[in-house]
Amino acid sequence: MFRSRNTKMKVFGPVLLVVSLLLIGLCTQAEVENILITNDVSPFACDPAEIMFWNHYRSGVLMYDGLTYPAAEGGVQPHLAESWESMAGTGYDWIFHLRQGVKFHDGTEVTAEDVVFSFQRTLDLGLGAYGLVEPIKEISAIDDYTVRFTLNRAVSVFPAVITYAFILNKDLVMQHLGPGDHGEMGDYGLEWVRYNDAGSGPYTLEVHEVNMKLEFERFEDYFLGWPDYGDNLVPIEKVRIIALWEPTTAKNLVIDRELDVTYSTFPQSTFEELDAIEGIDLNAVNKSHVLVFHLNTQKKPTDDVHFRRALNYAFDASQTFPVWGSRPGHVIGTIYPEHNPDAALYERNLDKMKEELALSEYPQDTPLTIWWPIGDYFFDVMVGVLAADLTAAGFNIKVEQLQGLAPLISGCSSPDTQGHAVPLQYAPEYPDADSTLNRVWYFAGGYSGSHWFDDPQLKEQIELGRATVDAEQRKAIYQEIERYLLDQAPLILVSEVDPVRAMQDYIYVDTENIAGITGAAVNFYYYRIDLNRKAELLGQ
Amino acid sequence: MLWHILKFVAKRFLYSVLVLVGLSMLVFVIARMVPTDVVRATLGSHASERAIVDMRTKLHLDDSLPVQYYHWIKGAVRGDFGISLMTKRPVVVDLKEFLPATAELALVSLVFSLIVGQVLGVVAARYRNSWLDNVSRMIAYSGTVTPAFIFGILFMLIFSYWLNIFPTMGRLSSGVSPPPTITGMHILDGLLTGRWHVVGDALWHILLPAVSLGLSAVAQESRVTRASMIENLSKAYVRTARANAIPQSRIMFRYVLKPSLIPTVALMGMDFATTISNAFLVELVFFWPGFSRYGVTAMLEGDLFAISAVVMVLGVMFIVMNLIVDIITSILDPRISLAERS
């Protein structure tokens, strides 16, 4: 076939070249690396002023610090601030005393000026994190290590609210101001901060590939130090967060030891499969995620309290429990001491359903739409069970699929465009029941306020709870709020769950010192790695 | 010949501009017909009202559609497609980052489909109506009916998971730094800068997704090559060559294959553009940071400016590829004049 050597070379030469290059590529494989690889949805936000979803807290807690921090036993603990007090105990004026000698990643010290700048920046920009700092009327530096906050209303839980109001390096940000609408501050360095590091947190940002990955390296001079956990456990030197949510790929990566901690919501069977593999454990560090449906209280027929109660009586939430080991849900999650363990939860009861329907101004077959955002296994099960139960009970149900976050968020911008029942997952954002009440129930509208329950009485009670300094009194107020919400039924409680993650067993989590709150639960400062075990599992 | 080509290109360019203007209007209007509050979706539900109003004003979202289009086209002509609401940076920066990744994937998959398609087509033509022809047909049909992402998941399962030969995702291994950016394609940039280990690593990563993507094109090309070769094999000059005792293999590869390539070349051009637009699921499965994945994510997130830019880029690609294919075809077969093709 090949008459000459030249012809042979013309045909096989390119093939040999490609094979050689492939072999060279194969030889460059990484050895056992001190790195933790985890996955997440995209995009990430590395600018503290833009934090709006729980996955944004993940990068935030690595790069930045706040004045306070969620404590493992509940509440807050000192962080950049070593102490604080409310002037006259009213909750209007707060003084925070900063720790001295805390360094930013560039070696400069964290001072009161940085704190003032960071909060003012978030207020002026008005972006995703604005809701955390919105009560602040004025902020000033009394001296290099003392900051005063004056609020526009009493907020007794202010130290908890600002847990994730992160502090930026003012001098560094000021060197990178871009054109913008904030006078001499321009864009407040927004363009630069999004892709760079101005923090003091346990990890420094090394790589930011937009929509693809973030890479961090350990900050050796972190102000809390790096405690020794003994037994071959060393601090994690590098963290990589990849924008991957596709369950099949994520599962294969975990099995291949290319993903150390996964946050994909897998079906129960997949978790069981992973748990059965040597070297992979299931772990639930995040606590108390509450799964609910918000009922649109400004759209017929769910604007009628009796109709809403009837829907609650038609639903059997316990059918969802075996799927991922969840438990009955509460309006205020059980992670908070203020939750009401005696609140009477709804159970499926068709007789009571009929009693409520008899009092309703709408017939049972009034059309209802349940929204089904695609891509979350929790929502898949919730919607399936609710639709089946309501249909079996005689309601006229239509399920509407939503692709992506955009139609969900924009559809919830008006009660007219929103469905009757919208599934949500409350993840505690900061360590106080106010996180659920203020972030979800105070405001009507938007995805988190998709109940449209604009009740002056409820708002007044939430404000009162926020302003009440005495812990027992606050607890009583919050428990009454929980009872009231259950009575008015602007939601259907599904369950409470501690989301499970699959994790390589060479990753150790300090569960005694880590809080189960969003963000804090994935602060890899509290994780360690056993490189010997990793080498053993990788066969190296 | 050169003069004819230049005249042809100029005429096509003028037509293309009209097509692109029409396309831009269409995609602009359609993107804004979707009832998405992009500002709330971008800033989140806890942003201040002031920030929401400011952003709406800045993006001209409260203006009429013609005014919005005017502002957008004014920027687009200068290469400014606006800011992506997803990535929060200029769309053109996103395109520069993601397009080369998909172009590289598409090119490698085309090379694969060309080589395998030609081999299958030649074998099928040479041994037509035999079992080899049937096997080739079976492979071709499998490639046509099976979506690329199914192949992707299958290959990942077999070669990455069970056999552990190929990586599961990404363009490069974690310990390998990308080469200096010239084209944005790691293989080409690695070759140009002499980073052989990067080239090898990039090839190792691109093989599975490229093969997954290329299999459907293999089907088309093998069938077209087979048909074309069978037609040419019955020509008089082939009979003459046989009569002169020229070996069959030489006849196939030297005398018949070149003219049989003409329809394949035409296909390849359109395949390239189609591959880029269809690569989304393969990019998702293999975590490939590409243009298709970016485009579909933009659509799901309601990122108006990214959607418009992605569709415009695809439109330009189809037009340019069509033009290149016409020119190459006329070079391959001088009997086909550009005047006829235009």
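**Chain A–chain B interface and domains of chain A**

In this predicted model, 47 residues of chain A are in contact with 43 residues of chain B. Six helices of chain B each supply at least two residues of the side that touches chain A: helix 2 (38-43), helix 3 (49-58), helix 7 (148-162), helix 9 (196-233), helix 12 (280-285) and helix 13 (291-301). For the complex, the predictor gives an ipTM of 0.74 and a pTM of 0.84.

**The side of chain B that touches chain A**

- Helix 9 of chain B gives the most to this side, with seven residues.
- By class, the residues of chain B on this side are 20 nonpolar, 15 polar and eight charged.

**Confidence in chain B**

- Chain B has a mean pLDDT of 83, with 96% of its residues at 70 or more.

**Domains of chain A**

- Chain A is divided into domain 1 (65-185), domain 2 (201-284 + 501-538) and domain 3 (289-497).
- The centres of domain 2 and domain 3 of chain A, taken over C-alpha atoms, are separated by 33 Å.
- Between these two domains of chain A, eight residues of domain 2 are in contact with eleven residues of domain 3.
- The side of domain 2 of chain A that touches domain 3 of chain A has four nonpolar and four polar residues, and no charged residues.

Methods. Residues are numbered from 1 along each chain as its sequence is written. Chains are lettered from A and ligands numbered from 1 in the order in which they are written. This is a predicted model: local features need pLDDT of at least 70, side-chain atom pairs count only at pLDDT 80 or more; totals for chains, interfaces and linings use all residues. Two residues are in contact if their C-beta atoms, placed from the backbone, lie within 7 Å. Helices (H or I, at least four residues) and strands (E, at least two) are DSSP runs, numbered from the N terminus. Ala, Val, Leu, Ile, Met, Phe, Trp, Tyr, Cys and Pro count as nonpolar, Asp, Glu, Lys and Arg as charged, and the others, Gly among them, as polar. pLDDT is the predictor's confidence in each residue, from 0 to 100. Domain bounds come from an automatic or database domain assignment.
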